[in-house]
Amino acid sequence: MRDVIIACDFKNQEELFKFLEPFKGENPYLKIGMEIFYKEGPELVKKLHQMGFKIFLDLKLHDIPNTVEKAMRNLGELGVEITNVHAAGGIKMMEAARRGLDATEAGKKTELIAVTMLTSISQEALEDELLIKENLADVVKTYALNAKKAGLQGVVCSALEAPIIKELGLISVTPGIRFADDSVNDQKRVATPSYAKELGSTYIVVGRSITAAEDPLAAYKRCVKEFC
Ligand SMILES: O=C(O)c1cc(=O)[nH]c(=O)n1[C@@H]1O[C@H](COP(=O)(O)O)[C@@H](O)[C@H]1O
């Protein structure tokens with residue numbers, strides 16, 4: 001079950017396919033996010049699926065329930081393995097998202113997860129910018145409980161909160177992964193692949209530590225070795 005998901009944050013499909021060249025035979029789990037999806041659209045997702053890749057479609061929907069339900073109906077037709085919404089949209093929005101996916105046979109199989117608190121948010125930003133005067137881990141727990149109530153399968157959080165999510169019986173998809181010697185960039189709540197394993201993450205999402213590495217395949221294999 002545990003797996004490494006590569007965040008494919010590329011400008012366009014040419015860059016993505018060039019990146020994937022050395023991965024022949026590896027068949028890594030791929031995350032398709034806003035940058036490349038807004039350029040290439042659903043056709044790229046269909047193409048990657050036909051090629052046999054598992055896909056986490058990360059579009060982080062966050063709108064009123066009616067809009068999210070209808071958007072999810074369309075996304076459901078793609079039959080991806082995982083997709084997501086923001087838990088901050090509330091329980092009704094998350095229920096609507098699940099209903100939207102369940103409206104198609106393909107969408108019924110898609111696991112829906114909710115972003116709790118972005119890994120780029122620190123305790124200070126939570127309090128000073130978002131005006132949430134709670135402990136960040138408690139906010140993650142409450143949002144995860146809301147996701148569970150809405151019938152979702154799991155959440156996105158940092159690996160640091162993975163033990164709380166495990167206790168709730170949900171899957172945890174944890175970005176903010178860095179090797180010990182990497183720069184953290186814009187991430188605030190980070191962990192190494194081996195620490196994420198120790199904390200009980202179900203999936204780690206790794207972008208720049210693989211995509212910007214001198215040898216991306218070696219970096220991917222290092223993640224798999226440490227985490228799986
Ligand atoms: O939903 C996500 O995937 C996500 C949630 C979150 O809280 N933090 C987060 O970094 N992500 C995504 O995970 C990836 C992390 O990329 P790197 O920081 O380059 O490893 C990016 O594609 C982000 O969009």
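Which residues does the UniProt annotation "domain: Orotidine 5'-phosphate decarboxylase" cover? According to that unreviewed entry, the annotation covers residues 3–223, with UniProt positions given in the numbering used here, feature names shortened, and the caveat that annotations may be inferred rather than shown by experiment. Residues are numbered from 1 along each chain as its sequence is written. Please keep in mind that this is a predicted model, in which local features need pLDDT of at least 70 and side-chain atom pairs count only at pLDDT 80 or more, while totals for chains, interfaces and linings use all residues.

Let me begin with the overall fold. The span 3–223 is 44% helix and 17% strand, and its end C-alpha atoms lie 9 Å apart; helices (H or I, at least four residues) and strands (E, at least two) are DSSP runs, numbered from the N terminus. In the order S1-S2-S3-S4-S5-S6-S7-S8, 8 strands close into a barrel with parallel pairing, where two strands pair if DSSP finds at least two bridges between them. From one strand to the next the twist averages 25°, with axes being lines fitted to C-alpha atoms, for helices over the stretch in contact, and angles running from 0 to 180 degrees between N-to-C directions.

Now to strand S5, residues 111–115. This strand is largely enclosed by the rest of the structure, because 4 of its 5 residues are buried, that is, 20 or more other C-beta atoms, placed from the backbone, lie within 10 Å of the residue's own. S5 runs parallel to strand S4 (residues 82–86), joined by 5 bridges, and pairs with strand S6 (residues 154–156), also in the parallel sense, over 3 bridges. Ile113 of S5 stands opposite Asn84 and has Gly154 as its bridge partner in S6.

Moving to S3, strand S2 (residues 29–32) is joined to S3 by 3 bridges in a parallel arrangement, and Lys31 stands opposite Phe56 in S3. Helix H4 (residues 65–76) packs on the sheet and touches S3 and S4, its direction making about 160° with that of S3, where contact requires C-beta atoms, placed from the backbone, within 7 Å.

Finally, the ligand. It is surrounded by 20 residues, the closest being Ala7, Thr119, Pro175, Gly207 and Arg208, and a residue is near a molecule if its C-beta atom, placed from the backbone, lies within 6 Å of it. Strand S3 (55–61), strand S8 (203–206) and helix H11 (208–211) are the elements that give two or more residues to this shell.

Definitions and conventions: Buried ≥ 20, exposed ≤ 12 C-beta atoms within 10 Å, placed from the backbone. Contact = placed C-beta atoms within 7 Å.
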